[in-house]
Amino acid sequence: MGVKIRTFRRSDAKMVRKVLVDGLFSNVDPAFYVGVRRPSVIATGLVLTALMYQWTLSLMYTITFFVALLCLYYLTLLIAAHLMTKGPLFDDIENVQRNYMKPRRNFWVAEADGQVVGTIAITLRSLNKPANECADDVAWLRRMAVSEKYRRQGIAKRLVETAIDFCKRNKYRRIELITTEVQLPAKALYEKMGFRCVNTWARRECGFVLWTFTLVYDIQQDSTYY
Ligand SMILES: CC(C)(COP(=O)(O)OP(=O)(O)OC[C@H]1O[C@@H](n2cnc3c(N)ncnc32)[C@H](O)[C@@H]1OP(=O)(O)O)[C@@H](O)C(=O)NCCC(=O)NCCS
């Protein structure tokens, strides 16, 4: 299979959005498994199920209720993912050309069989930081996703290598990104490629708490930033 990594073109816009939306929805299953293992979720589920049994005294109703709770939780995650694709989280890809095709930023796609099957972007980290924390030598890696059918073939690795090369050529000192506990394959990939986790924090996304990791890749060794 020939996979080509190339810079974004206007005609890619729809396919880019599809890859990223599919990538988000592919994280719903991992989010479900992470969620149902949370002590607070287990406790709430058990209390509600016990109350149901006390009320109906029927094992069948209680089991049906428990399964319905799980389905409801999964459905909520699907709705949350859907809302995210319509909200500010996806604003930047509504106009990739305007947001990324500028000096020291870029957006790449992986093309296979005439289709966009992977994406990655570099922008300035300082865009989302308060003015006093701005650092123009810190790049922000975003928007990495690979279509499910094309995963585990080294495409994301090639995309990240392309982004790192770009940052080296553009004299960035460091690359920063965030990922979450439901994106452990991505975290494994970044760590394999030399990124290190410098911060772990709880982030609220559509009412759900997500453990989130800040990872950095040092282009020039400099420990004064953190
Ligand atoms: C994360 C993602 C981009 C990886 O894409 P990919 O093309 O399958 O990754 P690669 O084939 O380049 O994998 C490179 C290495 O990453 C790690 N890796 C990738 N997928 C993995 C998985 N499911 N489980 C464990 N490690 C994984 C492995 O070390 C792998 O090397 P190996 O195949 O030699 O073992 C893809 O799974 C994806 O699009 N996920 C949904 C979107 C997402 O979460 N994006 C991350 C945003 S921060």
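## Contacts of I219

In this predicted model, I219 touches C167, K168, Y172, R173, R174 and I175, leaving aside residues up to four places away in sequence. I219 itself lies in the segment after strand 7, the strand that covers residues 208–218. I219 counts as partly exposed because 18 other C-beta atoms lie within 10 Å, whereas a buried residue would need 20 or more.

## The nonpolar core

I175 is also one of the residues with the most contacts inside the largest nonpolar core, together with V16, L159 and A163, and this core has 39 residues. Helix 7, which spans residues 155–169, gives the most to the core, with 7 residues. As a general background, nonpolar side chains tend to be buried together in soluble globular proteins.

## The shell around the ligand

Which residues come nearest to the ligand? Of the 20 residues around the ligand, these are G23, R151, A156, P185 and L189. The elements that give two or more residues to this shell are strand 4 (138–146), helix 7 and helix 8 (184–192), and helix 8 provides the largest share, with 5 residues.

Sorted by class, the shell around the ligand holds 9 nonpolar, 7 polar and 4 charged residues.

## Two residues with positive phi

R143 has a phi near 60 degrees, a positive value in a residue other than glycine, and its place is in strand 4. R143 counts as buried because 22 other C-beta atoms lie within 10 Å.

For K171, phi is likewise near 60 degrees and positive, in a residue other than glycine, but the place of K171 is in the loop between helix 7 and strand 5, the latter covering residues 174–180. Is K171 buried or exposed? K171 counts as exposed, because it has 11 C-beta neighbours inside 10 Å, and the cut-off for an exposed residue is 12 or fewer.

## Domains and the annotated segment

The protein chain is divided into domain 1, made of residues 4–9 and 92–218, and domain 2, made of residues 28–86. The centres of domain 1 and domain 2, taken over C-alpha atoms, are separated by 33 Å. The contact between them takes 4 residues from domain 1 and 6 residues from domain 2, and the side of domain 1 that touches domain 2 has 3 nonpolar, no polar and 1 charged residues.

An unreviewed UniProt entry lists residues 63–83 as "transmembrane region". In the model, the chain over residues 63–83 is 100% helix and 0% strand, with the end C-alpha atoms 30 Å apart.

## The chain as a whole

The secondary structure of the protein chain comes to 8 helices and 7 strands, and its C-alpha atoms fill a box of roughly 70 × 45 × 30 Å along the principal axes. Of the 226 residues in the protein chain, buried residues make up 24%. Among contacts in the protein chain between residues at least 6 apart in sequence, 66% join residues at least 24 apart.

Technical notes
Residues are numbered from 1 along each chain as its sequence is written. This is a predicted model: local features need pLDDT of at least 70, side-chain atom pairs count only at pLDDT 80 or more; totals for chains, interfaces and linings use all residues. A nonpolar core is a set of buried Ala, Val, Leu, Ile, Met, Phe, Trp, Tyr and Cys residues joined through C-beta atoms within 7 Å. Helices (H or I, at least four residues) and strands (E, at least two) are DSSP runs, numbered from the N terminus. A residue is near a molecule or strand if its C-beta atom, placed from the backbone, lies within 6 Å of it. Ala, Val, Leu, Ile, Met, Phe, Trp, Tyr, Cys and Pro count as nonpolar, Asp, Glu, Lys and Arg as charged, and the others, Gly among them, as polar. Two residues are in contact if their C-beta atoms, placed from the backbone, lie within 7 Å. UniProt positions are given in the numbering used here, feature names are shortened, and annotations may be inferred rather than shown by experiment. Domain bounds come from an automatic or database domain assignment.
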